[in-house]
Amino acid sequence: MPDLKPVDWVILSRLDPSAGGRETWLYSFLPTLLAAEKDIELRVYGQRLEGQPDFTDTLRQAITPRDRRRLKPVLFLSRRTRLPLFFDMARQLRRHMAPPEIPPGRYVVAAGSILEHLMVLSSPKLRDSFKIVWLRTIFLDAKSDRLPGPLLALARWIEGQLLKRAHLLIANGD
């Protein structure tokens, strides 16, 4: 097998095909991507809680048999704590990527929201990769009712600054 270019895909999801919009998109897009790009190895990073089913085999089954060997799904196992799950996945992603024998992805896709992009930015090995952020939603539009007015303007500015660190933005809707 010739040298494959690694592509990292980070999604705060347990990869359940019936979980919602981004998972539906993932299951329909990844087979097309792997069929079109024969020289990539696609490493998909997600997260599941203890006791939740592991959907990595389900994701593999969505890929044609000839392309399946180039898909490497990894679900980090987490326990529910007081902190949002995002923090544990970010920590596990950094730890997983740390060994020198794991090359950084030539491209890294943060799929979903600013949270996935923060995970990518927090991983030293992924910082120099070409960063693609696929925004399913503007995070603060979904969470703005939880922030007092003066903090909302600051948070929007910070979100904008973080998104500027991506090389390519793909967005749904407005």
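Select Arg 60 and Asp 57 in this predicted model, and you will find their side chains meeting in a salt bridge, at 2.6 Å from N to O. Both belong to helix H2 (residues 56–61), and because they are 3 residues apart there, about one helical turn separates them. Arg 60 is partly exposed, with a relative accessible area of 25%.

Now select Asp 8 and Arg 43, whose side chains meet in a salt bridge of 2.5 Å, N to O. This pair links distant parts of the chain, for Asp 8 lies in strand S1 (residues 5–10) and Arg 43 in strand S2 (residues 40–49), 35 residues apart. Are these two residues, Asp 8 and Arg 43, buried or exposed? Asp 8 is buried, and Arg 43 is buried as well.

Go on to Arg 14 and Asp 16, where another salt bridge spans 3.3 Å, N to O. Here Arg 14 is partly exposed, at 27% relative accessible area, whereas Asp 16 is buried, at 8%. The count of salt bridges in the model comes to 7.

Finally, select helix H5 (residues 114–122) together with helix H7 (residues 149–163), which pack at an angle of about 55° with their axes 10 Å apart, and are therefore oblique to each other. The contact is made by Ile 114, His 117, Leu 118 and Leu 121 of H5 and by Glu 159, Leu 162 and Leu 163 of H7; these residues divide into 5 nonpolar, 1 polar and 1 charged.

Technical notes:
Residues are numbered from 1 along each chain as its sequence is written. This is a predicted model: local features need pLDDT of at least 70, side-chain atom pairs count only at pLDDT 80 or more; totals for chains, interfaces and linings use all residues. Side-chain values use heavy atoms; hydrogens and water are left out. Axes are lines fitted to C-alpha atoms, for helices over the stretch in contact, and angles run from 0 to 180 degrees between N-to-C directions. Helices (H or I, at least four residues) and strands (E, at least two) are DSSP runs, numbered from the N terminus. Angles under 35 degrees count as roughly parallel, over 145 as roughly antiparallel, 65 to 115 as roughly perpendicular and the rest as oblique. Contact means heavy atoms within 4.5 Å. Ala, Val, Leu, Ile, Met, Phe, Trp, Tyr, Cys and Pro count as nonpolar, Asp, Glu, Lys and Arg as charged, and the others, Gly among them, as polar. A salt bridge is a side-chain nitrogen of Lys or Arg within 4 Å of a carboxyl oxygen of Asp or Glu. Buried means under 20% relative accessible area, exposed over 50%, partly exposed in between (1.4 Å probe, protein chains only).
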